[in-house]
Amino acid sequence: MTESLPVRIFPDRTAASRTLAEEVAALVRSINDSGRPAVLGLATGRTPLPFYAELIRLHREGKLSFARVVTFNLDEYLGLPGNHPESYRAFMQKELFGHVDIPVENIHIPDGMVGPAELEAHCAAYEEAIRAAGGIDFQLLGIGRTGHIGFNEPGSPRESRTRRVELDPITRQDAAPAFGGLEHVPEYAISMGCGTILEARRIALLAWGSAKAGIVREALTGPVTDQVSASFLQDHADATFYLDSEAGAEL
Ligand code: GLP
């Protein structure tokens, strides 16, 4: 089958994560050398874990500093405080930020506790902060079973921006074990939009394991459609899929 964007298939997730982490470290160094902070868009979920482990390793080896890195996370569950163990803020602290030299003021994650009256302004301010930082140099993505990037569930328009989104039943089901039951999974989230994500200058989507093989094939070889928001990446000038052999098995 022909894919409409570059796909790199690795023997396993560690090899893929190591390669990408080295590429991102080189990008951060070259942007910092040019005299400005590097702006990274970050993702959560199980998929980025080996990648974050590699970034931490590079940091410990003295090959990557986050002192001049600014980050924007894709999304956050609505209704969860930052100290809730399943909040994406807690996840990022545990899996990356707590292990590297990033200044706390450089970290941006939507606030899951923002009230309905402030929600629109909060989302607009998030977009404005990305613009003020100069836009996202590199955006990391996983892919959900519904083909979503961030929390852009089926029906999310190509031009969508940071906003409140309703989680798909499949997405909530996938999150249920971590929350100790479906009834504890939030129904809404704040997510960067497809339009926000597609403005990143470079994008890497990671996927591991056979459970992702079908949706990866659809995103890469199916029609560009808002029913599979990852398919919008087909039209991006610098997006690459990093897969292990299982996630790439249906290509
Ligand atoms: C959630 C996140 C996505 C992530 C997806 C897949 O929906 N908002 O950013 O890509 O889960 O999760 P996992 O990597 O655990 O398969």
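**Exercise 1. Find which element gives the most residues to the lining of the largest pocket, and then describe that lining.**

Solution. Begin with the element α5, which gives the most to the lining of the largest pocket, with six residues. Keep in mind while working that the model is predicted. Next, take the lining as a whole: 38 residues line the largest pocket, and those that lie nearest its centre are Thr44, Gly45, Arg46, Thr47 and Tyr88. Two or more residues of this lining come from each of the elements α2 (49-60), β4 (75-77), α3 (88-95) and α5 (169-179). Sorted by class, the lining has 18 nonpolar, eleven polar and nine charged residues. Finally, note that the volume of the largest pocket is about 970 Å³.

**Exercise 2. State where the ligand sits, and sort the residues of the shell around the ligand by class.**

Solution. First locate the ligand, which sits in the largest pocket. Then look at the residues that surround the ligand, among them Thr44, Asp75, Tyr88, His148, Phe151 and Lys212. The residues of this shell divide into three nonpolar, six polar and three charged.

**Exercise 3. Determine which atoms of Arg46, Ile143 and Lys212 lie at the stated distances from an oxygen atom of the ligand.**

Solution. Start with the backbone: an N or O atom of the Arg46 backbone lies 2.8 Å from an oxygen atom of the ligand, and for Ile143 a backbone N or O atom lies 3.3 Å from an oxygen atom of the ligand.

Terms used: Residues are numbered from 1 along each chain as its sequence is written. This is a predicted model: local features need pLDDT of at least 70, side-chain atom pairs count only at pLDDT 80 or more; totals for chains, interfaces and linings use all residues. Side-chain values use heavy atoms; hydrogens and water are left out. A residue is near a molecule or strand if one of its heavy atoms lies within 4 Å of it. A polar contact is a pair of N or O atoms within 3.5 Å; within protein, one must be able to donate a hydrogen and the other to accept it, and residues adjacent in sequence count only if both atoms are side-chain atoms. On a 1 Å grid over the protein atoms alone, a cavity is a set of points where a 1.4 Å probe fits but cannot get out, and a pocket is an open set with protein on both sides within 12 Å along at least five of seven lines; lining residues have an atom within 4 Å of a point. A molecule sits in a cavity or pocket if more than half of its atoms lie within 2 Å of its grid points. Ala, Val, Leu, Ile, Met, Phe, Trp, Tyr, Cys and Pro count as nonpolar, Asp, Glu, Lys and Arg as charged, and the others, Gly among them, as polar. Grid points are joined across faces, edges and corners, and a volume is the space filled by probe spheres set on the points. Helices (H or I, at least four residues) and strands (E, at least two) are DSSP runs, numbered from the N terminus.
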